[in-house]
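Have the structure open while you read.

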Amino acid sequence: MKQGEPGKSGKSAESGKPAKAAAAAKPGKPESHLAMVRRARRINRELAEVYPYAHPELDFRNPFELLVATVLSAQTTDLRVNQTTPALFAAYPTPEDMAAAVPEELEELIRPTGFFRAKAKSLIGLSASIRDNFGGEVPGRLADLVTLPGVGRKTANVVLGNAFGVPGITVDTHFGRLVRRWKWTEQEDPEKVEAEIAAIFPKSEWTMLSHRVVFHGRRICHARKPACGACPIAPLCPSYGEGETDPEKARKLLKYEMGGQPGQRLSPPPDYPGRPAPPLGAG
């Protein structure tokens, strides 16, 4: 697969269909719930072809590393977290090590991720809880994970889906923004969004759906200026036209592997078609 080719189906981010999308976006008879569900599931199938390599964009080797990285990812990019965690995990490879950390030393290591004092407090607290309450092993149940300091449903679902294979929907800012843009839900509260989207898709799809939607939001369907003219699911989008519809101009808005740029992971999966991100301080 060449750099920037998104999927095995022959579709690409450059093959948007603005004419059909414009027709689909015309006002008319309100969409029934059944029609919305069918459209949502078709979007998921299309995204699976565009992003067959969709994956969590945090580097991790075990559940503890994913848990820590996810906590650090609040209010910053996955790239900045991935550039920060190699030194962090070299210093504190286990919950026992991190629970015993000197706060000021831990804060200095995670400073690049922002809000480092609050994050250090959460990391020490969750590590101590894992050590004291779960035998030093990250628990694999939602009810247990959310008892850890700094861990909510979003973080718990990331860990469950990607470290334990337990299906979950991760409602981050990208996911919530896109499912509202696609008219799958009108909810703003993440738990309500999670519940409504979970009702649309089989449980087996929840984790990968989350990755596909987030991938699309980061690469094509941006918050301020979506690349509508380069979007492969434009014919299915009721919000087509909110962004740039000219194909040439839209292509210039594509990010990461879609735009020929490095991804966010320093150690991406083998099937990732883009380039690894550079380490901290490398440019």
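Leaving aside its neighbours within four places in sequence, which residues is Leu123 in contact with? Keep in mind that you're looking at a predicted model. The contacts of Leu123 are Val68, Val71, Leu72, Met98, Leu106 and Ile110. Leu123 itself sits in helix α7. Buried here means under 20% relative accessible area, and Leu123 has 0%, so it counts as buried. There's also Pro149: that residue is 26 places away along the chain, yet its C-alpha atom is 7.6 Å from the one of Leu123.

Now zoom out to the whole of α7. This helix has 18 residues, and at 1.5 Å a residue they should span 26 Å; the C-alpha atoms at its ends are 25 Å apart, which agrees. What covers them? After α7 comes Gly135, with a positive phi near 65°.

The largest pocket holds about 1,000 Å³. Its lining has 48 residues, and the closest to the pocket centre are Ser73, Thr76, Asp78, Asp172 and Arg218. Our helix α7 turns up again, as one of the elements that give two or more residues to this lining, along with α3, α4, α9, α10 and α12. The biggest giver is α12, with 7 residues.

Methods
Residues numbered from 1 in each chain as written. Predicted model: local features only at pLDDT ≥ 70, side-chain atom pairs only at ≥ 80, totals over all residues. Heavy atoms only, no water. 1 Å grid on protein atoms, 1.4 Å probe; cavity = no way out; pocket = protein on both sides within 12 Å on 5 of 7 lines; lining within 4 Å. Points joined across faces, edges and corners; volume = space filled by probe spheres on them. Helix = DSSP H or I, 4+ residues; strand = E, 2+ residues; numbered from the N terminus. Expected span 1.5 Å × (residues − 1). Buried < 20%, exposed > 50% of the residue type's maximum accessible area, 1.4 Å probe, protein only. Contact = heavy atoms within 4.5 Å.
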